[in-house]
Amino acid sequence: MKVLVTGGLGYIGSHTVVELQNEGYDVIIIDNLSNSSLNVLKGITAITGKTPQFEELDLRDKHKVKNFFQRHQDIDGVVHFAASKAVGESVEKPLFYYENNVTSLIYLLQELQKLDKQKIIFSSSCTVYGEAMQMPITEQAPIQPAKSPYGNTKQIGEEILKDTCKVNSNLNTVALRYFNPIGAHPTAKIGELPLGVPQNLVPYITQTAIGLREQLSVFGNNYPTEDGTCIRDYIHVVDVANAHVVALNRILENKQNSNFEVFNIGTGKGSSVLEVIEAFENVTNQKLNYKIVNRRAGDVISAYADTTKAKSILGWTSKYNLSEAISDAWNWEKNLRK
Ligand code: NAD
Ligand code: WQD
C-alpha cells in the first residue's frame with residue numbers, strides 16, 4: 001500500500017512515516033522544507049532501515065500538485081500534515097497562514113478526487129475547542145470562534161473536508177484533533193526542531209536546561225486551577241503517530257461509519273505547567289531555572305481530551321506517560337547539541 005505523507009519531514013510527520021514504514025506501508029513524502037531539513041530522512045532511515053521516497057514540493061503550487069498526482073496515480077491514502085503552525089506568527093501574517101494551510105488543502109483535495117482511492121487523514125487540533133465548557137473534552141463539544149488565524153485554518157480545514165464529503169461519497173476522511181504532542185522518538189534519531197525561540201513549553205524547557213535559553217517564563221500562576229497554572233494534555237509524539245496508522249487502516253479497510261470522522265488524540269490526562277516542570281526535574285535529576293510572569297494572551301485555562309471515542313471506535317489509546325515523553329524530549333535535545 002502506498003501512502004503520501006505531506007509535511008512528512010516535520011515533527012509529527014516524520015514520526016508517522018516511521019510507524020507507517022514499520023507497519024509495512026510504502027511511503028512517499030512531499031515537503032517544501034520550510035520547517036524541516038533533509039537530515040530527517042537520514043533519521044527515518046536509521047530507525048526503519050528504509051528510506052522513504054521524497055519530493056521537495058510546495059503544496060501552494062497548484063500545477064506542481066497536479067503534476068505530482070498525474071505521476072502517482074497509485075496512491076492508496078494521504079496523510080496531510082503540511083501546514084504552518086505558529087499561533088503568534090499567524091496573527092502577524094494571516095494571509096500567509098490562510099494560503100499555506102487552506103489553499104494547500106484545497107489543491108490536494110482537487111487532485112485526490114481524481115484518483116480511484118480517495119482517502120485522507122487531516123491534522124486538526126484541540127485548538128478548535130477553544131475554552132471548552134466541560135473537561136474532559138469530547139468530540140461533541142462545540143467548536144469555538146478561533147482566537148488566531150492558525151486556529152481558523154484548522155476549523156476551516158475540517159469544514160472543507162466535511163462539505164466535500166457531503167457531495168463525494170467516494171471520499172473518505174478522518175480529522176485527528178491532537179492535543180499537545182511532545183517528546184521525540186525513543187532512539188533520539190528524530191524529534192522536534194523548533195525554528196528560533198520555541199513557543200511551546202517542552203522544547204523551551206529542554207533548551208533552557210541545556211543552556212540555550214537562560215530561563216523559562218511560566219505564563220501565569222493565577223488561573224483557577226489547583227496550582228494556578230494552565231492544564232494541558234501532553235501526549236507522546238509516537239502515540240500521535242500511531243493514531244495515524246490506526247486511522248489509515250480504518251479508512252483503507254472501508255470501516256468508517258461516515259465518510260467524515262473526527263477523533264480526539266490525547267492521553268485523557270491533564271497536567272499543569274508546574275507538574276510538567278516537576279516531571280522534567282524528576283526525570284533529569286536537575287533543577288530548572290524558571291520564573292512566574294504574566295499570562296500569555298490567548299491561552300485557555302484547561303484542555304484535556306475525552307479519549308472514549310478513539311478507544312472504542314479506532315481501538316487506539318496512548319501508551320507513553322508524561323515522564324517517558326519528557327525523557328525522550330530530553331534525550332533528543334542532548335543528542336542535538338552533541
Ligand atoms: P512541522 O512544522 O514540524 O511540520 C510541518 C511540515 O510541513 C514541515 O516539514 C514543513 O516544512 C512542511 N510544510 C509546510 N508548508 C508546506 C507546504 N506549503 N508544502 C509542503 N510542505 C509544507 O509541524 P508539526 O508539529 O509536525 O505539525 C504537523 C501538523 O499537525 C500541522 O498541520 C499542525 O498544524 C498540526 N498540529 C500540530 C500540533 C503541534 O503541537 N505540533 C498540534 C495540533 C495540530
Ligand atoms: C502549554 C502551556 C502555556 C511556553 C499550542 C497551540 C495549539 C496546538 C498545540 C497546534 C500553556 C505554558 C508555554 C512557555 C509557558 N498546536 N507555557 N511558558 O498553547 O497549549 O498549544 O500548541 O495546533 O494550537 O496553541 O501549547 O506548549 O505553547 O503551552 O508557561 O514558554 O505552557 O502558557 O499553559 P498550547 P504550549
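Trainee: Leaving aside its neighbours within four places in sequence, which residues is S124 in contact with?
Mentor: S124 is in contact with K154, E158, A175, L176, R177 and Y178, where contact means heavy atoms within 4.5 Å. Bear in mind that this is a predicted model, where local features need pLDDT of at least 70, side-chain atom pairs count only at pLDDT 80 or more, and totals for chains, interfaces and linings use all residues. Residues are numbered from 1 along each chain as written, chains are lettered from A and ligands numbered from 1 in the order written, and side-chain values use heavy atoms, leaving out hydrogens and water.
Trainee: Okay, and is S124 buried or exposed?
Mentor: Buried, because its relative accessible area is 2%, and buried means under 20% (1.4 Å probe, protein chains only).
Trainee: Switching topic: which residues are closest to ligand 2?
Mentor: S125, Y150, S217, R232 and D299 are the closest of the 18 that surround ligand 2, counting residues with a heavy atom within 4 Å of it.
Trainee: How far is the polar side-chain atom of D299 from an oxygen atom of ligand 2?
Mentor: That distance is 2.6 Å. For S125, a polar side-chain atom sits 2.8 Å from a ligand 2 oxygen, while S217 uses a backbone N or O atom, 2.7 Å from a ligand nitrogen.
Trainee: How much of ligand 2 does the protein cover?
Mentor: 88% of the 680 Å² of accessible area that ligand 2 has on its own, by the Shrake-Rupley method with a 1.4 Å probe.

Definitions and conventions: Polar contact = N/O pair within 3.5 Å; in protein donor to acceptor, adjacent residues only side chain to side chain. Buried < 20%, exposed > 50% of the residue type's maximum accessible area, 1.4 Å probe, protein only.
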